[in-house]
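Please look over the structure shown here.

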Amino acid sequence: MNVLEIRNATKRFGSLVALRNVALSVPAGELRAIIGPNGAGKTTLFNLVSGFFAPSAGSVLFAGRDVTALAAHQRVALGMARTFQITEIFPELTVFENVRIAAEVAAGYRLRPRLGRSERAEVCRRVEQTLELAGLAAKAKRLAGELAHGDQRVAEIAMALALKPRLLLLDEPTAGMGEQETQEITRLIRRLRAAGELTIVLIEHDMRVVFHLADRITVLCYGELLAEGTPQEIAANEAVQEAYLGKAA
Amino acid sequence: MNSRAGAARQAGTALLWAALLLAPYWLPWVGGYTALGARVLVLGLAAMSLNFLLGFTGVVSFGHAAYFGLGAYGAGLTLKLLAHSTPLALFFGTLAGGIAGALLGALIVHLRGVYFAMVTIAFGQVFYYIAFRWNSLTGGDDGLRGFARQPLHFAGYAIDILNNGHAFYYFVLVCFAVTVGVMALILRSPLGRTMLAIRENERRARFLGIPVERHIWVAFTLSCFFTSLAGALYAMVNNFADPMGLHWSLSGDLVIMAVMGGMRSFWGPLVGAAVFVVVQDFLSSITTNWMSFVGLLIVLVVLFFPRGLLGLAQRRGEA
């Protein structure tokens, strides 16, 4: 079954067409990378999927259900979580509190004025597990805004994971990271896949990360779908080399 | 660092409660009086209620006097026309301001920043002019008079909060303690944490699955209920409600108290209210231009202690 399906999505901003008639299906459990030169429409695609804005035409299906008309928070409730290209965290709260807010929303407690002892313990256990998985357990009590850039990126992923999503959208998780941090993120993403049937869609510029992790790759160029296939197929695709890889050389 | 700062904070809170509990006994020694203490509590409660929204949800309202004043008129009118009962007056006063806040809040929660602030001012002024003009009901410019807080009755005991200033102070203190207790509980709950999340990063909050507008509405409505309870108490301090209690300048005063005392700290607005009320009380007996001195004080605080008076004290404590 397809966890994510985009049907002929078009997004216009005034006279600019950011996405033109893009169709995409991601089956359950797949890790799909989306690549393309700057301005190809990758983040616009994420914004359509996560409900940041509505498409000008076309539709978005999540686990077979049309979610095009749903607000962002409703899509999260269905099991969709995302991170942002520029880190979005709660800087003046601790790492633990950052993740706890996500865990409490996921548990359906967001409007609760108080929690029972066992409910609170359950949430804390969930937060600790998530921090452990993300490798942030030692930094749980630090203010999120005081972490190094790489750790902030990981904290944002941890918040998304605490939502227990079925679909995780990662927008350039290694942006602005050094060699070692990039490797750590790559390992984290690989651990996530090993842990369950999480479906991941990843926007990424670092081709080593992409070819290392992706089951399949979708290439966007000037808002249109250029190619789609396995890493080997994409590497061998002449149109892709010309439009994207070739440009870099 | 955490345990030591935590211990310092607990000690500070204990000291604060001790000072509030003993206020009728030490206030005369420093030239104060018990009614001044009650005023500090009431305005402090209003400033803390505003700060529930301002400091902990990150939403600026410049119209909270509307709910404060509705609480005051609601309590006054209840005592005057409906029932000679202090608890009922508090109840209906709180209900009046709280329900108005809930209704108006629903209309404006999709607005942000300065637009939200301006609409809150506009709504506040509507209530001010109604109170100012509706002479027959509200007493107009002269304010609402002809009512008095009533003794409390508990299982055969009567507590004369009308004539006994100390008893009235402790009555206000109990109301204050219960309300700020509720506030503190909410701020430590999942609901409170979603408010902090919205303050910290609205976009992140939304994409963590928090319907931001609905939660701002909840925070706004709660804040209005707390504020109007403070207003209802205020009507009982002087057995008087006047249109200035609805005027936007009072909204501004509440924001000043919160900012001066420290928006990011729970008790900051109470400290700000204490400084404001005492300075006002002291200077207004010397000069009619007392407000310009308050203004100078605010400028100094904002320039040199951007986290407010209590924010400064806490930073010292943690260093």
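How many of the 249 residues of chain A count as buried? The share is 43%. Buried means that 20 or more other C-beta atoms lie within 10 Å of the residue's own; exposed means 12 or fewer, and partly exposed falls in between, with C-beta atoms placed from the backbone.

This is a predicted model: local features need pLDDT of at least 70, side-chain atom pairs count only at pLDDT 80 or more, and totals for chains, interfaces and linings use all residues. Residues are numbered from 1 along each chain as its sequence is written, while chains are lettered from A and ligands numbered from 1 in the order in which they are written.

**Overall form**

Chain A holds 9 helices and 10 strands. These are DSSP runs numbered from the N terminus: helices are H or I with at least four residues, strands E with at least two. The radius of gyration of chain A is 18 Å, close to the 18 Å of the globule rule for 249 residues, so chain A is as compact as a globular protein of that length. That radius is taken over C-alpha atoms, and the rule is 2.2 Å times the number of residues to the power 0.38. The C-alpha trace of chain A spans about 60 × 40 × 35 Å along its principal axes.

**Domains**

The bounds come from an automatic or database domain assignment.

| Domain of chain A | Residues |
|---|---|
| Domain 1 | residues 1-79 + 165-249 |
| Domain 2 | residues 91-164 |

Their centres, taken over C-alpha atoms, are 25 Å apart. Each domain puts 11 residues into the contact. Contact means C-beta atoms, placed from the backbone, within 7 Å. On the domain 1 side, helix 6 of chain A gives the largest share, 4 residues.

**Core**

The largest nonpolar core has 164 residues. Such a core is a set of buried Ala, Val, Leu, Ile, Met, Phe, Trp, Tyr and Cys residues joined through C-beta atoms within 7 Å. Among the residues touching the most other members are Ala102(A) and Leu208(B). Helix 11 (residues 212-238) of chain B gives the most, 15 residues. Both domains of chain A give residues to this core, so it lies between them. Leaving aside neighbours within four places in sequence, Ala102(A) contacts Met159(A), Ala162(A), Leu163(A) and Leu208(B).

**A loop residue**

Gly145(A) sits in the loop between helix 4 (117-134) and helix 5 (149-162) of chain A. With 14 C-beta neighbours inside 10 Å, Gly145(A) counts as partly exposed. Beyond neighbours within four places in sequence, Gly145(A) contacts Pro91(A) and Glu92(A).

Conventions
Two residues are in contact if their C-beta atoms, placed from the backbone, lie within 7 Å.
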